[in-house]
Amino acid sequence: MIRLNVTLLIEQIENRQLLVEAATELVALSLRDKGCISYDIYGSLTSDNRLMIVETWDSKENLDAHMAAPHFQRLVPQLQQLSTMTLEEFTF
């Protein structure tokens, strides 16, 4: 299995709502992708400018297919425009 932790640092707080909307749509659509075990977005309780997407995939092949999907290709660039993203990947 593969776990991705994607941290979203919101540089301009006025972008927060747009970021939440795009991330929420990404989560809803990604949960339908083959091999998706879990996919959710979390907000920091101590900082309004930090969100995290946590996703778990059953295989690299299904993760790669997800990353090539139209919803991913459309929404992730929006997230990148609205925040600074960092990615941690764990295989277990």
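**Helix packing and sheet order in a predicted model**

Author: In this predicted model, α1 and α3 are roughly antiparallel to each other, and that follows from the angle between their axes, since angles over 145 degrees count as roughly antiparallel.

Reader: At what angle do α1 and α3 cross, and within what distance do their axes come?

Author: The axes of helix α1 (residues 16-30) and helix α3 (residues 70-82) cross at roughly 155° and come within 9 Å.

Reader: Left-handed or right-handed, the crossing of α1 and α3?

Author: The crossing in which α1 passes α3 is left-handed.

Reader: Which residues make the contact?

Author: From α1 the contributors are L18, L19, A22, A23, E25, L26, L29 and S30. From α3 they are H71, F72, R74, L75, V76, Q78, L79 and L82.

Reader: How many of those are nonpolar, polar and charged?

Author: The contact of α1 with α3 comprises eleven nonpolar residues, three polar ones and two charged ones.

Reader: What about α2 and α3: at what angle do they pack?

Author: Helix α2 (residues 60-68) packs against α3 at about 65°, and the two axes are 5 Å apart. On the α2 side the residues are H66, M67 and A68, which meet P70, H71, F72 and Q73 of α3. By class, this contact of α2 with α3 has four nonpolar residues, three polar and no charged.

Reader: Turning to the sheet, what is the strand order?

Author: The sheet is open and has four strands in the order β2-β3-β1-β4, with antiparallel pairing.

Reader: Which strands stand at the edges?

Author: Those are β2 (36-43) and β4 (84-91); each has a single partner strand, so one side of each lacks a neighbour in the sheet. From one strand to the next, the twist averages 15°.

Reader: Where does α1 sit relative to the sheet, and which strands does it touch?

Author: Helix α1 packs on the sheet and touches β1, β2 and β3, its direction making about 165° with that of β2.

Reader: How many bridges join β1 to β3?

Author: Eight bridges join strand β1 (residues 2-9) to strand β3 (residues 50-57), and the two run antiparallel. Among the pairs, V6 has I53 as its bridge partner in β3.

Reader: And how many bridges for β2 and β3?

Author: Strands β2 and β3 pair over seven bridges in the antiparallel sense. They form a hairpin, with six residues between the two strands. Within this pairing, Y39 stands opposite E55 of β3.

Reader: How many aromatic pairs does the count come to?

Author: The count comes to one aromatic pair. Its members are Y39 and W57, whose ring centres are 6.1 Å apart and whose planes stand at 85°, so the pair is edge-to-face.

Reader: Which parts of the chain does that pair link?

Author: The pair links distant parts of the chain, with Y39 in strand β2 and W57 in strand β3, 18 residues apart.

Technical notes
Residues are numbered from 1 along each chain as its sequence is written. This is a predicted model: local features need pLDDT of at least 70, side-chain atom pairs count only at pLDDT 80 or more; totals for chains, interfaces and linings use all residues. Side-chain values use heavy atoms; hydrogens and water are left out. Axes are lines fitted to C-alpha atoms, for helices over the stretch in contact, and angles run from 0 to 180 degrees between N-to-C directions. Angles under 35 degrees count as roughly parallel, over 145 as roughly antiparallel, 65 to 115 as roughly perpendicular and the rest as oblique. A crossing is left-handed if the near helix is turned anticlockwise from the far one by less than a right angle, and right-handed if clockwise. Contact means heavy atoms within 4.5 Å. Ala, Val, Leu, Ile, Met, Phe, Trp, Tyr, Cys and Pro count as nonpolar, Asp, Glu, Lys and Arg as charged, and the others, Gly among them, as polar. Two strands pair if DSSP finds at least two bridges between them. Rings of Phe, Tyr and Trp (its six-membered ring) pair if their centres lie within 6.5 Å; planes under 30 degrees apart count as stacked, over 60 as edge-to-face and the rest as tilted.
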